[in-house]
Amino acid sequence: MAAAFKGLNSRLVHVGEKPDPATGAAIPPIYQTTTFAFPTNESMLDLMEGRTSGYIYTRYGNPNFTMAEAKIADLEGAESALVLASGMAATSTAIMALTRAGDHLLTHADIYGGSFGLFHEILPRFGVETDFVDMTDLGSVEQAIRSNTTVIFIETPSNPTLRVFNLQAIAEVAHRHGIRLVVDNTFATPYNQRPLDLGADVVVHSGTKYLNGHSDLMAGAIAGTAGYIAECVNVFRKLGGNLNGFDAWLLIRGMKTFGLRMRQHNESGQKVAEYLSTHPAVQCVHYPGLPTHPQHELARSQMSGFGGVMSVELRGGPQAVDRFLDSVQLFSRAVSLGSVESLITQPVAAVHYNVPASFRELGGITPSLVRISVGLEEIEDIVDDLARALERAG
Ligand SMILES: Cc1ncc(COP(=O)(O)O)c(C=O)c1O
């Protein structure tokens with residue numbers, strides 16, 4: 001029934017849900033249970049052997065997960081989706097479902113610090129090597145491909161430098177070599193960009209960010225073909241990175257206003273980026289919605305809006321960054337992004353702290369860089385706070 005709705009906001013409210021058949025409750029209950037009882041022993045075996053469908057144990061699945069998964073698959077235009085305990089659970093499961101010892105992967109240096117650590121530190125222990133290349137240069141991508149390259153992983157826009165990569169062109173290169181393209185769509189969100197429509201094979205998310213949007217839960221998601229998601233389920237049931245009923249229920253609630261929130265994040269993000277780009281204390285603003293962004297035309301062709309996250313480089317260097325961050329009042333000095341409240345952080349001090357200097361340099365992650373996540377407060381208050389803090393930063 002719900003899938004018949006064309007409008008995004010209608011689908012966000014209704015897809016995957018219907019009033020509770022047991023009580024008529026308009027909002028589905030929270031299935032805060034680890035295990036599910038079976039009427040007979042035989043029915044348990046029927047379920048295990050796939051003759052019937054249902055729930056066994058929350059690490060294997062939960063009705064609240066199913067509802068959230070239906071909404072995410074719909075948002076990304078995917079056959080299927082899987083929700084997990086965090087964005088890192090999603091990325092690690094998505095990659096492990098695609099790789100074997102001896103494989104070679106490609107990604108770029110300016111990715112989320114946790115994902116960097118997975119590729120640079122953890123996967124080599126299991127015989128999977130990764131090269132970090134400039135994804136804006138298709139020639140370098142092509143040159144870095146080896147006979148054992150199986151996955152290209154990109155974030156576009158990238159964290160924290162907001163570089164934009166050509167999804168269609170990279171998908172074309174990947175597929176010509178039999179490689180899968182996995183895209184972290186956390187920054188752009190499916191409101192602004194649908195990588196599967198542009199040729200990507202898999203989308204991963206930190207649902208902790210815009211999908212939930214309220215900084216009150218950790219979640220992750222993978223979207224792709226039904227066959228691939230079945231393999232992710234197989235991997236994750238063994239790794240154990242499952243969500244829980246309550247957080248899945250909160251995620252569903254957060255997603256109902258996702259479209260409205262994103263519309264405002266796009267509008268406020270653009271205004272803040274434009275304001276900052278004229279400020280004398282700011283050397284450079286990295287935001288794909290600005291005509292000065294090196295991939296602005298590409299961003300316009302593959303995104304319908306640019307979100308609320310940007311990064312700025314301050315002319316006064318790291319000391320000015322300290323003064324700037326210590327002077328904000330409305331913004332919270334905190335990692336994370338994509339929430340109703342505005343957040344600000346210096347990537348080298350936290351999110352990218354563990355990324356070695358040579359890779360930071362490769363990714364343009366300097367000590368003068370500040371990442372800003374514009375929330376849903378009134379735009380005048382957001383701009384006033386930044387203006388006051390920039391004046392003190394000097
Ligand atoms: C782009 C991106 N991907 C993945 C993650 C990891 O998500 P989580 O913190 O939910 O594990 C983050 C976290 O900040 C992120 O910014």
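Lys271 and Glu267 lie four residues apart in helix α11 (residues 258–277), so about one helical turn separates them; helices here are DSSP runs of H or I with at least four residues, numbered from the N terminus. The side chains of these two residues meet in a salt bridge, with 3.4 Å from N to O, where a salt bridge means a side-chain nitrogen of Lys or Arg within 4 Å of a carboxyl oxygen of Asp or Glu. Lys271 counts as partly exposed at 40% relative accessibility, and Glu267 counts as partly exposed at 39% (buried is under 20% relative accessible area, exposed is over 50%, and partly exposed is in between, with a 1.4 Å probe and protein chains only). Elsewhere, salt bridges that share partners join Glu17, Lys71 and Lys256 into one network.

This is a predicted model, in which local features need pLDDT of at least 70 and side-chain atom pairs count only at pLDDT 80 or more, while totals for chains, interfaces and linings use all residues. Residues are numbered from 1 along each chain as its sequence is written, and side-chain values use heavy atoms, with hydrogens and water left out.

How many salt bridges does the structure hold? There are 15 salt bridges in the structure, and one of them pairs Glu121 with Arg125, whose closest N and O atoms are 3.1 Å apart. In this pair, Glu121 is partly exposed, with a relative accessible area of 46%, whereas Arg125 is exposed, with 58%. Another salt bridge links Asp46 to Arg51, with the closest N and O atoms 3.0 Å apart, and Arg51 is exposed at a relative accessible area of 51%.

Terms used
Helices (H or I, at least four residues) and strands (E, at least two) are DSSP runs, numbered from the N terminus.
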